[in-house]
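Trainee: I would like to learn how to read side-chain packing in a structure, one feature at a time. Could we go through it together?

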Amino acid sequence: MQRFLALLTWLAFPVYVWQGLGVRRRTTRMLPAQGPVMHEISGQAPAVSLLMLGDSSAASVGIGNSEYGLAAQLADLISKRTGRAVRWRAAGFNSATSGQIRDHVLPNLSADPWTHIVLAIGTNDTKNFHSVPRFKSDFGGLLYALRAKWPEARVVWSPVLEFTRAPAMPPLLGKILEIRAAEMNRMGERLCLERGAVPAPRLPITDAEAGFASDGFHASEAGYRAWAEHLVGLVLANEPRVA
């Protein structure tokens, strides 16, 4: 049934274009957060090396300072839960899709010994109306490339959030994109399980007013904190506590 609905969304493509252009006109384009994109937190050895890779969420778009972004807040929680030193880097870019991260970002990252990699990607693939087969090729290729470059890292994918909960989304446009997001997430989960990555459960959005930034699409500081708290247990699964 869900796949049938996804096919029907192509019939709603004119609505997607019309309402999408309206959202773009009304929404201020926000820049990545100011502040460091890599940092170290002192603690006990062995250190956790965290790479946050993906789209504008990985770049902490929506807030003013990167210390309150997803990468920094996740690193802070890892440090507090384990007592270990944490070295982190955020490699996130506005409007990035899975294919762009695979083709233009990953090849230009040095092969630092990252122990944990978190992927925040898929929203723009969905928003840009990429087909599921294209996402399979792009996201699946990204997973292969990550596994080849960091074979021992724990890779966690955070799936596409609920479009219908974003305040900037008109209800009909949100529903169209949500149907497509469900198919993207289903494919992404399958690819993760096949290719050595861990699919996270979808982030539950309990308070959209507090969780989204002023543009009604990106996360706020509170939203990034909730996101980090949602992911930290999965990122640290099977890691010993040394504190």
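Trainee: Which are the buried residues of H4?

Mentor: This is a predicted model, in which local features need pLDDT of at least 70 and side-chain atom pairs count only at pLDDT 80 or more, while totals for chains, interfaces and linings use all residues. Residues are numbered from 1 along each chain as its sequence is written, and side-chain values use heavy atoms, with hydrogens and water left out. Helices (H or I, at least four residues) and strands (E, at least two) are DSSP runs, numbered from the N terminus, and buried means under 20% relative accessible area, exposed over 50% and partly exposed in between, with a 1.4 Å probe and protein chains only. The buried residues of helix H4 are Ser98, Gly99, Ile101 and Val105, and they pack against S2, H5 and helix H6 (132-149), where contact means heavy atoms within 4.5 Å.

Trainee: Where is Ser95 found, and is Ser95 buried or partly exposed?

Mentor: Ser95 is found in the loop between S3 and helix H4 (98-105), and with a relative accessible area of 33% it is partly exposed. The C-alpha atoms of Ser95 and Asn124 are separated by 6.1 Å, although these residues are 29 apart along the chain.

Trainee: How many aromatic pairs does a search of the whole structure find?

Mentor: A pair of aromatic rings is described by the distance of the centres and the angle of the planes. Rings of Phe, Tyr and Trp (its six-membered ring) pair if their centres lie within 6.5 Å, and planes under 30 degrees apart count as stacked, over 60 as edge-to-face and the rest as tilted. The search finds 4 aromatic pairs. In one of them, the rings of Phe163 and Phe217 have centres 6.4 Å apart and planes at 40°, so this pair is tilted. Phe163 lies in the loop between strand S5 (154-158) and helix H7 (171-194), and Phe217 in the loop between helix H8 (208-211) and helix H9 (221-235), so the pair ties together parts that are 54 residues apart in sequence. Phe163 counts as buried at 2% relative accessibility, whereas Phe217, at 22%, counts as partly exposed. The rings of Tyr224 and Trp227, with centres 6.2 Å apart and planes at 10°, form a stacked pair; both residues are buried, and they are 3 residues apart in helix H9, separated by about one helical turn. Ring pairs also link Phe135, Phe139 and Trp157 into a cluster.

Trainee: Which residues have the most contacts inside the largest nonpolar core?

Mentor: In soluble globular proteins, nonpolar side chains tend to be buried together. A nonpolar core is a set of buried Ala, Val, Leu, Ile, Met, Phe, Trp, Tyr and Cys residues joined through side-chain atoms within 4.5 Å. The largest here has 29 residues, and those with the most contacts inside it are Met52, Leu74 and Ile78. Strand S2 (44-54), helix H3 (70-82), strand S3 (84-92) and H9 each supply at least two residues of this core, and the largest share, 7 residues, comes from H3. Not counting residues up to four places away in sequence, Ile78 touches Val48, Leu50, Gly83, Val86, Val232, Val235 and Leu236. Apart from this core lies another, of 26 residues, among them Ala91, Ala153, Leu191 and Cys192.
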